[in-house]
Amino acid sequence: EEPPHTGRLALYLLGLQATCPPLSPHRSLVTWLKYYLEEEWTGEGQRGHPITSYYQYGLGVLALCVHRKRVRDQVVRQLLTAQHHGRLGHGDNTVDTEAVVALAFTCLEQRRLVGTELAAKLRLAAHEASRNMAKAQGPDGVIGNIYSTPWALQVFLATGDCKTEPAFGRAMAALLENLEAFGTAATMAQVLPVLHGHSYLDIASRHCGEEPDTLTPLDMEPLPEVPGNKMVQLVVECPLPWCYDLQLYDRLVPVPAAASLLDVLQAAAALDPREFRFHTQDTPQGPFLTQVLGLEARQEKRNYWQILSAPNTPLQMGIAEYRPPDGATLILRLSEW
């Protein structure tokens, strides 16, 4: 049975509201999102977690709040309980999820879409999340990873902690140094509000009126040609309990000097399709690695194909954007989240 498209619909409705549409142009979509949230809540009770993820669950609550729609208190309390018990995720994924949930809490509290008692709990939880964002900051100023950092900055802005939290300035400086990482529409949508001092909560209070048409085509210059070739060591690892042999593939792959990681994977498959094969799924963030050597990462199994630069550094870019240097060793590791 196909899981509900909670996150995708929530992002669409957030984007729709940001474009200053006519009054209630897609009321049926808001109704669908409310239905999806109820389906997610059913999954929470039966499985101990939402059918999709707490990230999508939080996005759904946030999108409904931005559209000034109430959600049942019991749905909100599911998120409060998950945050209180530290069930929102692991590693970098925690920053994204806790940030989205904190934005949803702050929106519900500020828009007065919950009662006074629950609003007070949401306010405390949002500020706790803000403190957790600061604790997650690395020495380079990045919070979680470079793509998580805009989410954390939105929390600082929405809660007002940006005025007192030193982590805010350091994170903003790190963001400005790494803007080239935000090359897709989805990642740009996360970073652009922050660069203008806004969060997604501000969508709900926009004064649309007569919006000037400031959208102009962007002339994209092709990437410069880099002469020559390079060699990349490609390794596939699959630990227990999914596999008995940790290392399933280890081979040098020759590619052009300007090749991306996606090009490396395609070159490895071309060398010997029986020895190496992979599949990707198109997402707003670009192609996402879903299957390697016939092993599929599945959401219901809570695993994914983690991409690391040897020995153990997670990549900060997508497979179509990252261009490994000559002699790099890249590890595709089936991991749990």
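Contact here means heavy atoms within 4.5 Å. The structure is a predicted model.

Q: Among contacts in the protein chain between residues at least 6 apart in sequence, what percentage join residues at least 24 apart?
A: The contacts considered are those in the protein chain between residues at least 6 apart in sequence. Within that set, the share joining residues at least 24 apart is 65%.

Q: How many helices and strands does the protein chain have, and what percentage of its residues are buried?
A: The protein chain has 10 helices and 8 strands. A residue is buried when its relative accessible area is under 20%. Of the 337 residues in the protein chain, the buried part is 45%.

Q: Are H1 and H3 roughly parallel or roughly antiparallel to each other?
A: Helix H1 covers residues 6–18 and helix H3 covers residues 54–66; their axes come within 8 Å and cross at roughly 30°. Angles under 35 degrees count as roughly parallel. H1 and H3 are therefore roughly parallel to each other.

Q: Is the crossing of H1 and H3 left-handed or right-handed, and how many residues of each class are in the contact?
A: The crossing of H1 and H3 is left-handed. On the H1 side the residues are Thr6, Gly7, Ala10, Leu11, Leu14 and Gln17, and they meet Gln56, Leu59, Gly60, Leu62, Ala63 and Val66 in H3. By class, this contact of H1 with H3 has no charged residues, 5 polar and 7 nonpolar.

Q: At what angle do H8 and H9 pack, and what does that make H8 relative to H9?
A: Helix H8 (residues 166–177) and helix H9 (residues 185–195) have axes 12 Å apart and pack at an angle of about 125°. That angle makes H8 oblique to H9.

Q: Which residues make the contact of H8 with H9, and how do they divide by class?
A: H8 passes H9 in a left-handed crossing. H8 contributes Met172, Leu175 and Leu176 to the contact, and H9 contributes Val191, Val194 and Leu195. These residues of the contact of H8 with H9 divide into no charged, no polar and 6 nonpolar.

Q: Is Thr149 buried or exposed, and which residues does Thr149 touch?
A: Thr149 lies in helix H7, residues 149–159. Thr149 counts as buried because its relative accessibility is 0%. Leaving out residues up to four places away in sequence, Thr149 touches Val142, Ile143, Ala171 and Leu175.

Q: Is Pro139 buried or exposed?
A: Pro139 sits in the loop between helix H6 (116–135) and H7. In space, Pro139 and Arg170 are 9.2 Å apart, C-alpha to C-alpha, while in sequence they are 31 residues apart. With a relative accessibility of 95%, Pro139 counts as exposed.

Q: Which strands are included in what covers the buried residues of H10?
A: In helix H10 (residues 261–271), the residues Leu261, Leu262, Val264, Leu265, Ala267, Ala268 and Ala269 are buried. Their cover includes strands E1 (229–237), E2 (247–256), E3 (278–283), E4 (286–292), E6 (303–309) and E8 (329–336).

Q: Is Asp263 buried or partly exposed?
A: Asp263 is placed in helix H10. Asp263 and Tyr322 are 59 residues apart in sequence and 10.0 Å apart in space, C-alpha to C-alpha. At 31% relative accessibility, Asp263 counts as partly exposed.

Definitions and conventions
Residues numbered from 1 in each chain as written. Predicted model: local features only at pLDDT ≥ 70, side-chain atom pairs only at ≥ 80, totals over all residues. Heavy atoms only, no water. Axes fitted to C-alpha atoms, helices over the stretch in contact; angles between N-to-C directions. Helix = DSSP H or I, 4+ residues; strand = E, 2+ residues; numbered from the N terminus. Parallel < 35°, antiparallel > 145°, perpendicular 65-115°, else oblique. Left-handed = near helix turned anticlockwise from the far one by under 90°. Nonpolar A, V, L, I, M, F, W, Y, C, P; charged D, E, K, R; others polar. Buried < 20%, exposed > 50% of the residue type's maximum accessible area, 1.4 Å probe, protein only.
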